[in-house]
Amino acid sequence: MGKRAKMIAKIKELMEKYDRIRNIGICAHIDHGKTTLSDNLLAGAGMISKELAGEQLALDFDEEEAQRGITIFAANVSMVHKYEGKEYLINLIDTPGHVDFGGDVTRAMRAIDGAIVVVCAVEGVMPQTETVLRQALRERVKPVLFINKVDRLINELKLSQEEMMNRFIKIITDINNLIKKMAPEEFKDKWLVRVEDGSVAFGSAYNNWAISVPFMQKSGITFKDIIQYCQEDKQDELAEKAPLHEVVLDMVIKHLPSPPEAQKYRIPHIWKGDINSEVGKAMLNCDPNGPLAGVITKIVMDKHAGAVSVCRLFSGRVYQGDEIYMVNSQQKAKVQQVSVFMGPERIPVESISAGNICALVGLKEASAGETICSPDKIIEPFEAITHISEPVITVAIEAKNTKDLPKLIEVLRQVAREDPTVRVEINEETGEHLLSGMGELHIEIITKLKIERDAGIPVEVGQPIVVYRETVTDKSPIVESKSPNKHNKLYFVVEPLEEGVLKAYKEGKIKDVDVKKKPDDNLVQELIKAGMDPEEAKRVMCIYEGNVLVNMTRGIVHLDEVRELIIQGFKEAMKNGPLAAEKCQGVKVKLIDAVLHEDAIHRGPAQMIPCARFGIRDAMMQAKPVLLEPMQYVYINTPQDYMGAAVREISNRRGQILDMEQEGDMTIIKAKCPVAEMFGFAGAIRGATQGRCLWSIEFAGYEKVPREMQDQLIKQIRERKGLKVEE
């Protein structure tokens, strides 16, 4: 039996022992060493050859990733590790650190139960570290800490042992403060990382060594030894004595939970069905004999197999050839192949059981975030996976050859299924296809890689357009709106939505909802807690994209019959704001009174929808409407000599500097810029600092457009959309 065959046999055996499985992710700020770490873990576990690890970056399968040296797509791998005489199966997902691919990170978090947070010892905790940790804790994923690049503190920064200790204490304190701030109540203390119990490890992923307190006790290596090895340039010997994979994987097995342990507290949080039902209990206990329940966290395109769905099973078992049901898209599909990940390859197996991360082939219509179950036991879907950022840039795409059009539409639909942070709008009248993403790089990857390279369709990509929003800043008078036949009247008042309510909506505490009779108590409580007037909170009719419709009328006879039509009109008004037909946010619309015709024929959709839509639009125009533009935080890490050039680059782009810190000979600049001014920033900042800076961006929400620019901007957008332009 060859080595590979033994390995496969081992994986198949361990898949069935739930307490021996660990589903984990590695997450960190960009360039802190995630992929190098995953590679060396794989090599240590004997999945790829030792010589190639670190250079090979086995998880950056995609040629584009190898060229750019960044991870774009979260990769899945599995390995076997021996700890205290027992073997364990570790399923690992390496996630991207670049902000444009934040959606990939969020989806990976749904599949895993524990995370290794990697922090660079030189740079410390960075903004993206905080974002990723927040995403992990929001999904109830338990963290452990790995402080990377320790050799650089010794050899480059020449720190003394005491200075190094202080630096480590600062990093650990920063991470623990974030955990205290963001972890679920019951885990605020339990999940803190501590040096003494070994939930913190130190090392160098690139040089393949690591150390932790339990390992020091076991092996007798001291911190002084490490400094000596690094100074004498003997890191290879150190890697023999304190191998990275052993220290890190020991930490994973000891401190991160097994599926049955994690599902007990994760399921009630990510699934809102009845916990005491048969499927609820099966998921809490990770029962392979229970009803099937799982969630698809990602779609990978494979040249030979087509779409491969990466799936985390919480209960039950999937066999090859099974028919399964997809809850969100409400359709059945047949599983043509079931496989597990081994290193970077997929190994077909007959069946796979609860607690594992697996790959399913044959679910053509599946999309990321889909709930799967068996057709005869349909379950409640899992909570939608909420993304922290939203698409802020749009480009128009056209096929160069008309004959490629049908194929292009298919590829765009596929892209939207793979990555929910991409929005695709196909306008069949103009033949224009709009693609919205998180940033320039995000869109470039989709158009260059997925459309031109993988699908072989040459496309013309238009100039990037920024997505604006509209809102109001004042309270309008009562506005009367008549239906086209003049038989019905609605009276509206529009005012800004309370800040707290909008914030709660963005954090996902308040969700989109159409209220049938009266809102449920939880929603009312959340709204009141967020600062809404209790009387208004009880009368909410509809919440849509961060806008709220409130019914303040009393005793109007036929209102219930036109309720849905008014909601429809409200949604249409919110989709196209009055200024430039951009989406609205933070608008509160109150229906104050209504006069309705006795006869149902005279108050149908053709009467009531325009009546509501135009009434709300008129009221908004009298409530001092403004345009909002998307903003981004910009973090630049640059040598001091180039600091002036970097600051100039930001102030030329209407940016404001929020914070500057000196660390050694580097300056860390934190600023905020409008997305509209950020085009071409990558090239410009590299030029300004001669390529010696590290920078990253993060979505920072929407802010008002400066007054002097507003009219010009509205005119431009209206011209672009072919709307009437007022002279």
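Which residues does lysine 571 touch, not counting residues up to four places away in sequence? In this predicted model, lysine 571 touches Asp514, Cys542 and Tyr544. Lysine 571 is part of helix α19, which spans residues 559–575. The relative accessibility of lysine 571 is 19%; because the cut-off for a buried residue is under 20%, lysine 571 counts as buried.

Helix α19 also packs against helix α20, which is formed by residues 605–621. The axes of α19 and α20 are 8 Å apart, and the angle between these helices is about 45°. Angles under 35 degrees count as roughly parallel and those from 65 to 115 as roughly perpendicular; α19 and α20 are therefore oblique to each other. The crossing in which α19 passes α20 is right-handed. On the α19 side, the contact is made by Val562, Leu565, Ile566, Gln568, Gly569, Phe570, Glu572, Ala573 and Met574. These meet Pro605, Met608, Ile609, Ala612, Arg613, Ile616 and Met620 of α20. By residue class, the contact of α19 with α20 comprises twelve nonpolar, two polar and two charged residues.

The crossing of α21 past α22 is right-handed. Three residues of α21 are listed in the contact, namely Ala645, Ala646 and Glu649. Their partners in α22 are Phe681, Ala684, Ile685 and Ala688. Six residues of the contact of α21 with α22 are nonpolar and one is charged, with no polar residue present.

Elsewhere in the model, the largest nonpolar core was examined. This core contains 85 residues, and Leu37, Ile116 and Ile147 are those with the most contacts inside it. Helix α7, residues 161–182, supplies the largest share of this core, with eight residues. When neighbours within four places in sequence are left aside, leucine 37 is in contact with Ile26, Ile116, Val118, Phe146, Ala205, Leu244 and Val248.

Conventions
Residues are numbered from 1 along each chain as its sequence is written. This is a predicted model: local features need pLDDT of at least 70, side-chain atom pairs count only at pLDDT 80 or more; totals for chains, interfaces and linings use all residues. Side-chain values use heavy atoms; hydrogens and water are left out. A nonpolar core is a set of buried Ala, Val, Leu, Ile, Met, Phe, Trp, Tyr and Cys residues joined through side-chain atoms within 4.5 Å. Buried means under 20% relative accessible area, exposed over 50%, partly exposed in between (1.4 Å probe, protein chains only). Helices (H or I, at least four residues) and strands (E, at least two) are DSSP runs, numbered from the N terminus. Contact means heavy atoms within 4.5 Å. A crossing is left-handed if the near helix is turned anticlockwise from the far one by less than a right angle, and right-handed if clockwise. Ala, Val, Leu, Ile, Met, Phe, Trp, Tyr, Cys and Pro count as nonpolar, Asp, Glu, Lys and Arg as charged, and the others, Gly among them, as polar. Axes are lines fitted to C-alpha atoms, for helices over the stretch in contact, and angles run from 0 to 180 degrees between N-to-C directions. Angles under 35 degrees count as roughly parallel, over 145 as roughly antiparallel, 65 to 115 as roughly perpendicular and the rest as oblique.
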